[in-house]
Amino acid sequence: MTSGEEPRFTVEEVSAVEPPRRARVEDSAESPVEETAAQKLERKRDYLEGFLAQQPAAQASGEPGGELYEAVIQALREIFDPEIPVNIYDLGLIYGVDIDPEGSVAVTMTLTTPHCPVAESMPGEVEMRVCAVPGVRDAEVNLVWDPPWDPGKMSDEAKLELGML
């Protein structure tokens with residue numbers, strides 16, 4: 001601050017501050033009107049009807065919750081690991097499903113171990129099953145090993161099926 005300028009703020013010390021008065025319904029600007037039980041019930045009904053009439057925002061078909069995405073997930077849930085009686089989706093082998101607007105699907109997945117006996121056939125089966133879903137133009141399966149699969153990736157349903165819960 002250069003000399004001759006007034007300070008931009010001032011400090012005022014106080015010993016106590018009165019708490020603000022609490023708002024009361026009686027203080028409202030409108031005159032209080034007694035509402036009967038029937039009127040109150042009708043007001044609640046109107047609110048609920050409006051709430052229940054709202055439709056959820058439309059999901060894109062290829063986005064989670066969309067019709068095509070859920071159909072692809074259902075197809076993946078029909079593929080079972082031959083050594084473990086749990087589908088590959090609940091087993092946590094599917095890391096990602098990406099669907100573009102034209103219907104191309106990219107599935108990123110792993111296997112329980114690189115030495116898995118179905119390492120050669122499983123990606124082909126996943127691709128075949130996903131391609132069979134109506135609305136899917138083509139499918140690509142990307143097999144990755146990082147991050148490695150571990151039992152923590154399983155769904156609760158899979159853990160329950162295997163007696164791990």
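Student: Which residue in β3 stands opposite Ser104?

Tutor: That's Asp138. Keep in mind that this is a predicted model.

Student: What makes β2 and β3 count as paired strands?

Tutor: Pairing needs at least two bridges between the strands. Here 6 bridges join β2 to β3, so they count as paired. The two strands run parallel.

Student: How does the chain get from β2 to β3, and what is the hand of that crossover?

Tutor: The chain goes through α3 on the way, and this β-α-β crossover is right-handed. With the strands pointing away from you, the path from the first strand over the helix to the second runs clockwise, and that is why the crossover gets this name.

Student: Where does that piece sit in the overall pattern along the sequence?

Tutor: The protein reads α-α-β-β-α-β-α, with 4 helices and 3 strands in total.

Student: Why is Cys116 called buried?

Tutor: Buried means under 20% relative accessible area. Cys116 has 5%, so it counts as buried.

Student: And why is Cys131 called partly exposed?

Tutor: Its relative accessible area is 33%. Buried is under 20% and exposed is over 50%, so Cys131 falls in between.

Student: How many disulfides does a search of the whole structure find?

Tutor: The search finds 0.

Student: Which residues touch the most other members of the largest nonpolar core?

Tutor: Val72, Leu76, Val97, Val126 and Val130 do, out of 30 residues in that core. The elements giving two or more residues to it are α2, β1, β2, α3 and β3. Of these, α2 gives the most, with 6 residues.

Student: What does Leu76 touch, leaving out residues up to four places away in sequence?

Tutor: Leu76 touches Asn87, Ile88, Tyr89, Ile94, Val97, Val126 and Val130. Contact here takes heavy atoms within 4.5 Å, so each of those residues meets that cut-off with Leu76.

Student: In which element is confidence lowest, and in which is it highest?

Tutor: Helix α1 has the lowest confidence, with a mean pLDDT of 70, and strand β2 the highest, at 95. For the protein, the mean is 84, and 84% of residues reach 70 or more.

Definitions and conventions
Residues are numbered from 1 along each chain as its sequence is written. This is a predicted model: local features need pLDDT of at least 70, side-chain atom pairs count only at pLDDT 80 or more; totals for chains, interfaces and linings use all residues. Side-chain values use heavy atoms; hydrogens and water are left out. A disulfide is a pair of cysteine sulfur atoms within 2.5 Å. Buried means under 20% relative accessible area, exposed over 50%, partly exposed in between (1.4 Å probe, protein chains only). pLDDT is the predictor's confidence in each residue, from 0 to 100. A nonpolar core is a set of buried Ala, Val, Leu, Ile, Met, Phe, Trp, Tyr and Cys residues joined through side-chain atoms within 4.5 Å.
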